[in-house]
Amino acid sequence: MNIYKKFAALALAGVMAVGLFVGCSGNYGSETTKDTTASTTAPAAGTTAPEASTSAPSEVAQPAGTLDAPITVVSREEGSGTRGAFVELMGVKTDDGDMTTDDAEIANSTSLVQSTVAGNVNAIGYISLGSYDPSAVKALTVDGVEPTVENIKAGSYAVSRPFVICYKEENLTDLGKDFVTFIMSADGQQILTDNGYIAVNDAAESYTVSGLSGSLSLNGSTSVGPVMEKLAEAYMGLNSGVVIDIQQTGSGTGITSTIDGSCEIGMSSRELKDEEVAEGLTPVVIAMDGIAVIVNLENPANGLTSDQIRAVYTGEITNWVELG
């Protein structure tokens, strides 16, 4: 009898153990534990087992070293000599006119373009190479060529233009003539070279002090203006009775002011147009300059092609990732 009781107790214990095992199996997986293994459960008859995922979903991979952000296009104002030269050289100007995108931010001076780009990681702009500050912004290569004086002289850098002064012969005073002589002398050309521009008269003779006195007014390009101030400072140091006033209002305004007699000498960072010369102006190329295409120091881009630059400035390309 006791033996039967023992068998019954063992049987009851076995039933309870099975029930406990089944209950635990049903709750397995309800714990907050990450399980990254694929299921090994066999598919039901007549069905096909789904393939296990081999990778987690992710965003589309971007090329290394590129931004994925809208491009902030920074341009000079209409009438700027730098803009005039840039849009022609880069193909932004067509038979239909200047096709610079309407979304461009307009900056009315070289310094403002540079400071705007320096403060915006997504921005692109263009400035006179002589005014380029590598501690503030980064100059891109264009078609694989760096913007250097040597490359501009060799003709391999695509974005270069002349620095021009202009005047009306009948309005040019003796003082004005002497200042022009100084600019084109070995002394003046050396100042231009020392400031990163390319002299156009390597065989120039030294300047002879004239001892003239009086006032002289210049107006025009904000790209030519900074180096013109240095030329004027050197000239006034040699001729103590001279005062030279320089207004930096843009090439177009400077040319117009010279035509109407508001100033004696105009400054332009582009070649004069035929219709401007027809107004009686005499243009004089005083140096050559490159136009640096600039981006923020944190922008990983190092170079663009001429076609890419054109597409950016006409609005065909609007995001940095499109430039790969």
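This is a predicted model: local features need pLDDT of at least 70, side-chain atom pairs count only at pLDDT 80 or more; totals for chains, interfaces and linings use all residues.
Which residues do ring pairs link into a cluster? They are Phe179, Phe182, Tyr207 and Tyr235.

**The whole protein**

The protein has 324 residues, and buried residues make up 41% of them. It holds 10 helices and 14 strands. Among contacts with a separation of 6 or more, 77% join residues 24 or more positions apart. Searching the whole structure gives eight aromatic pairs.

| Pair | Distance between ring centres | Angle between planes | Arrangement |
|---|---|---|---|
| Phe182 and Tyr207 | 5.2 Å | 80° | edge-to-face |
| Phe182 and Tyr235 | 5.6 Å | 55° | tilted |

Take Tyr207 to begin with. The planes of Phe182 and Tyr207 stand at 80°, so this pair is edge-to-face. The cut-off for that class is over 60 degrees. The pair links distant parts of the chain, 25 residues apart. Phe182 sits in helix 5, while Tyr207 sits in the loop between strand 9 (198-199) and strand 10 (214-220). Both residues are buried.

Now take Tyr235. Its ring plane and that of Phe182 are at 55°, so the pair is tilted. Phe182 belongs to helix 5 and Tyr235 to helix 7, so this pair ties together parts that are 53 residues apart in sequence.

How buried is Phe182, as a relative accessible area? The value is 1%. For Tyr235 the relative accessible area is 0%, so Tyr235 is buried too.

**Helix 5 against helix 7**

Helix 5 spans residues 174-184, and helix 7 spans residues 224-238. Their axes come within 11 Å and cross at roughly 110°. Because of that angle, helix 5 is roughly perpendicular to helix 7. The crossing is right-handed.

Which residues of helix 5 make the contact? They are Leu175, Asp178, Phe179, Phe182 and Ile183. Helix 7 contributes Met228, Leu231, Ala232, Ala234, Tyr235 and Leu238. By class, the contact has 10 nonpolar residues, no polar ones and one charged residue.

**Putting it together**

Tyr207 comes from a loop.

Notes. Residues are numbered from 1 along each chain as its sequence is written. Side-chain values use heavy atoms; hydrogens and water are left out. Axes are lines fitted to C-alpha atoms, for helices over the stretch in contact, and angles run from 0 to 180 degrees between N-to-C directions. Helices (H or I, at least four residues) and strands (E, at least two) are DSSP runs, numbered from the N terminus. Angles under 35 degrees count as roughly parallel, over 145 as roughly antiparallel, 65 to 115 as roughly perpendicular and the rest as oblique. A crossing is left-handed if the near helix is turned anticlockwise from the far one by less than a right angle, and right-handed if clockwise. Contact means heavy atoms within 4.5 Å. Ala, Val, Leu, Ile, Met, Phe, Trp, Tyr, Cys and Pro count as nonpolar, Asp, Glu, Lys and Arg as charged, and the others, Gly among them, as polar. Rings of Phe, Tyr and Trp (its six-membered ring) pair if their centres lie within 6.5 Å; planes under 30 degrees apart count as stacked, over 60 as edge-to-face and the rest as tilted. Buried means under 20% relative accessible area, exposed over 50%, partly exposed in between (1.4 Å probe, protein chains only).
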